[in-house]
Amino acid sequence: KSPTCGCCGIWQEHAQERGFAFTVHHRDNDELTREKLRRGINLRYHSCHTAVAADGSVVEGHVPAYLIHQYLAAKPADSLGLAVPGMPLGSPGMEAGDRLDPYDVLLLKMDGSTEVFAHIDNLQMQYQ
């Protein structure tokens, strides 16, 4: 993540409170983009931070922690990880009171394609 990004730290707290542990690496924007691309995350799916699980799976952006647990428990063989492109208002780390811009959590596949892993359209869906 970028050393100056505040929402990344808030998302990290969200995930830590739900069982994840992190070693944080601060990167400048160019270095961070190169790392995302190296890991197979297409530019159109980028967000402000990238997490990498012990098995190499990627978690790009403001993915709700319970969905990361679901993904890691039954990881599709042809997948790289999960992504929430951009920074949707109301997603974990981007909270804004009771406001939420509905968003999709995408399953990133090794061939570069994606499919919707989950659709989030209310605040409670993020914290199961």
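1. Strands β1 and β2 make a hairpin, with five residues between them. G56, in the turn, has a positive phi of about 95°. The two strands pair in the antiparallel sense over three bridges, and V52 has V58 of β2 opposite. Pairing here requires that DSSP find at least two bridges between two strands. The elements are DSSP runs numbered from the N terminus: helices are H or I runs of at least four residues, and strands are E runs of at least two.

2. On the basis of these assignments: the model is predicted, so local features need pLDDT of at least 70 and side-chain atom pairs count only at pLDDT 80 or more, whereas totals for chains, interfaces and linings use all residues. Residues are numbered from 1 along each chain as its sequence is written, and side-chain values use heavy atoms, with hydrogens and water left out.

3. Strand β2 also pairs with β3, in this case in the parallel sense, through four bridges. V58 has G81 as its bridge partner in β3. Strand β3 (residues 79–84) then runs antiparallel to β4, to which four bridges join it; the partner of L82 in β4 is L107.

4. Strand β4 continues into a second hairpin, with β5 (residues 114–120). These strands run antiparallel and are joined by six bridges, and V105 has A118 as its partner in β5. Four residues lie between β4 and β5, and G112 in the turn has a positive phi of about 95°.

5. V105, a residue of β4, is an instance, being buried with a relative accessible area of 0%. Apart from neighbours up to four places away in sequence, V105 touches V63, P64, L67, L82, A83, V84, E115, V116, F117, A118 and I120. Contact means heavy atoms within 4.5 Å. The C-alpha atoms of V105 and M87 are 12 Å apart, with 18 residues separating them along the chain.

6. The largest nonpolar core comprises 20 residues, and those with the most contacts inside it are V63, L67, V105 and I120. Elements giving two or more residues to this core are α1, α3, β3, β4 and β5. Helix α3 provides the largest share, five residues. A second, separate core of six residues includes I41, Y45, L106 and L108. A nonpolar core is a set of buried Ala, Val, Leu, Ile, Met, Phe, Trp, Tyr and Cys residues joined through side-chain atoms within 4.5 Å.

7. In α3, the buried residues are A65, Y66, L67, I68 and Y71. Their cover includes α1, β2 (58–61), β3, β4 and β5.

8. The largest pocket has a volume of about 600 Å³. Lined by 23 residues, the pocket has F22, T23, T50, A51 and V52 closest to its centre. At least two lining residues come from each of α1 (6–16), α2 (29–38), β1 (50–52) and α3 (65–73). By type, the lining has 13 nonpolar, five polar and five charged residues. A pocket is an open set of points on a 1 Å grid over the protein atoms alone where a 1.4 Å probe fits, with protein on both sides within 12 Å along at least five of seven lines; lining residues have an atom within 4 Å of a point. The volume is the space filled by probe spheres set on the points, which are joined across faces, edges and corners. Ala, Val, Leu, Ile, Met, Phe, Trp, Tyr, Cys and Pro count as nonpolar, Asp, Glu, Lys and Arg as charged, and the others, Gly among them, as polar.

9. Is K36 buried or exposed? K36, which is placed in helix α2, is buried at a relative accessible area of 2%. Neighbours within four places in sequence aside, the contacts of K36 are I41, H46, S47, C48, H49, T50 and E60.

10. Q12 belongs to helix α1 and counts as buried at 16% relative accessibility. Beyond residues up to four places away in sequence, Q12 touches F22 and V24.

Notes: Buried means under 20% relative accessible area, exposed over 50%, partly exposed in between (1.4 Å probe, protein chains only).
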